[in-house]
Amino acid sequence: MKKRNLILSIIGGILFVVIIISFYTTFSLDTEYSIKSDRYKIKDSNITEISPNTNISLFYQYFDLENCTLKVVDDSNHELTDGYIPNRSKTLLYNKDKKVVATYTNIIKGDINEDGLVNQEDLNLFGEYLIQKDNLSLDTFDINDDKEVHINDLVLLDKTINSDYQSLTPKEKNYLLQTSEITRIIYQIEPSIGKNTNLIWTSLDPTIAEVDATGKVTGKKEGTTKIILTTPDKKQTSEVEIKVDNTIQLSKKEGIAYIGGDNLEIGIKAVDYQDITCTPEKTEIADCEIKDKKLILKQKSQGSTNITVTSKKYGSQIFYLDVMSVYLNVMPKYLCSTPGNAQLITVSAMNSGPYSFDISDNNVIASAKMQVYNGRNMLKIQMGSTPGRATLTVKEGHGYQSNIVTIDTYQISIPEIGGITTIGSDLQTNVSGKNLGTLTCKSQDESKATCEIQGTKLIVHPLAIGQVNITVENNYQFREENYTCGKADYLVLIKEAKS
């Protein structure tokens, strides 16, 4: 008892959150039988990612089966028809002749006493087993999936089952369905291990879209409604918008094809795929055909044209096609470097001629030239002597140009190597450099010190005796994306204040 209490006292005060992400798995026995799940992981002879408090009837609803059926049984092979899925129970897969073709073990991590729940009793048993190293089943006890069973697993389980739900986040906020189309709402919830993650689902208008107990949504009639997701304790909610629209849909509305290159294939979404046709506005530029629920575009000559995809019953959509004789693409579209440095980046091209280069500032970008590196066409960019932002455009002999590459070069430093201070006495130092973006700082040990940036000034707040490294990062924004370009370190030594 004393050992168990010691284990449980160690657990207290440590906080850990796990995020579970639902995903789609498939297991095919052969060409005749298959079992799929978009919630559970099916691997080897186990079914994992099962939430505690999962009703057996709900468990069945998370599987898509072909030419087979499922049955959950206990250790004595007796069928279980109600109540919760017990940990380490079996799921039997039967073929259409009622013969067992596969057997899986159902794994609920942390359910030590195998009653389908995860609670304090399981924690107590976990502590005892951890001390005794007795009958440890890796797939049940290994909470953090590191292939070992240790105190970290016990701590993680304790903190997750005793924490409130922290967040509930749908993977997508908007869904487009057609009548009778079915999709499942995928979500993230934290914490998850040891928690019941089977949500409460509500449709605000079931006449437009229905939702079942597993989050499977069915379009009923055209219109817009919302599906509300709620955690079992009803403290966390989220919502997604469902639009039911029966007009024909294309996976993309525009695209580029290149003479001599591959044909374009565009996905088509429709209630009824009968009598769908396509018509190019300019047949001299491209032909089209409908095949296997796809729009196939066959480019013929340079130019632009509209392709109209029509369903007699569900309307039409227009696809805008550009056909080009030359393909030229330079990647990446943004990079950062330092003055005097050289960078090699990839150039993809088709039917292109000799290259020329347009540089917006030769002080930032000194030169650019093509060269072959390990059998690949690469663009070598030589940086100039001045920090700043400049752009580079590659042009080929026919007059076609690539995307514009934006380049930042920078200088960043902290004058002092480091600083010495005492608890409660802030340190300040200036960050110097040229073409600095947005500065941020990070303490490598926030139990010893925290930090903040004010303009170009680094301020360190010492908290405990010891030494800690503070990293200052230089960040730029390009097309709403943030890039970290350059950093400087500052070592802080914290001593005890003299009385």
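Q: Hi! Is Glu289 buried, exposed or partly exposed?
A: Glu289 counts as partly exposed, because its relative accessibility is 31%. Here buried means under 20% relative accessible area, exposed means over 50%, and partly exposed is in between (1.4 Å probe, protein chains only). Before we go on: this is a predicted model, where local features need pLDDT of at least 70 and side-chain atom pairs count only at pLDDT 80 or more, while totals for chains, interfaces and linings use all residues. Residues are numbered from 1 along each chain as its sequence is written, and side-chain values use heavy atoms, with hydrogens and water left out.

Q: Thanks. Which side chain does Glu289 meet in a salt bridge?
A: That of Lys298, at 3.2 Å from N to O. A salt bridge here is a side-chain nitrogen of Lys or Arg within 4 Å of a carboxyl oxygen of Asp or Glu. Lys298 is partly exposed too, with a relative accessible area of 35%.

Q: How many salt bridges does that rule give?
A: The count comes to 13. Among them is the pair Lys448 and Asp445, at 3.1 Å. Lys448 is partly exposed at 23%, and Asp445 is partly exposed at 25%.

Q: What about Asp158, which side chain is its salt-bridge partner?
A: Lys159, with N to O at 3.6 Å. Asp158 is buried, its relative accessible area being 9%, and Lys159 is buried at 13%.

Q: Why is α5 described as largely enclosed by the rest of the structure?
A: Because nine of its 11 residues are buried. The buried ones include Asp153, Leu157 and Ile161. Helices (H or I, at least four residues) and strands (E, at least two) are DSSP runs, numbered from the N terminus.

Q: Let's move to the largest nonpolar core. Which residues touch the most other members?
A: Phe59, Phe63, Phe126 and Leu157, out of 32 residues in that core. Elements that each supply at least two of its residues include α2 (56–61), β7 (68–73) and α5 (151–161). The largest share, four residues, comes from α5. By nonpolar core I mean a set of buried Ala, Val, Leu, Ile, Met, Phe, Trp, Tyr and Cys residues joined through side-chain atoms within 4.5 Å.

Q: And what does Leu157 touch?
A: Leaving aside residues up to four places away in sequence, Leu157 touches Gly110, Val118, Leu123, Phe126, Ile143, Ile193 and Gly194. Contact means heavy atoms within 4.5 Å.

Q: New topic, the open sheet. What is the strand order?
A: Its four strands run in the order β19-β21-β24-β23, with antiparallel pairing. β19 (249–250) and β23 (286–291) are at the edges with a single partner strand each, so one side of each has no neighbour in the sheet. Two strands pair if DSSP finds at least two bridges between them.

Q: How many bridges join β19 to β21?
A: Two, and these strands run antiparallel. Leu250 stands opposite Ile268 in β21.

Q: Last one: where does Glu210 lie?
A: Glu210 lies in strand β15 (residues 209–211), and at 36% relative accessibility Glu210 is partly exposed. Beyond residues up to four places away in sequence, Glu210 touches Lys216, Val217, Thr218 and Lys220. Between Glu210 and Asp153, 57 residues apart along the chain, the C-alpha separation is 39 Å.
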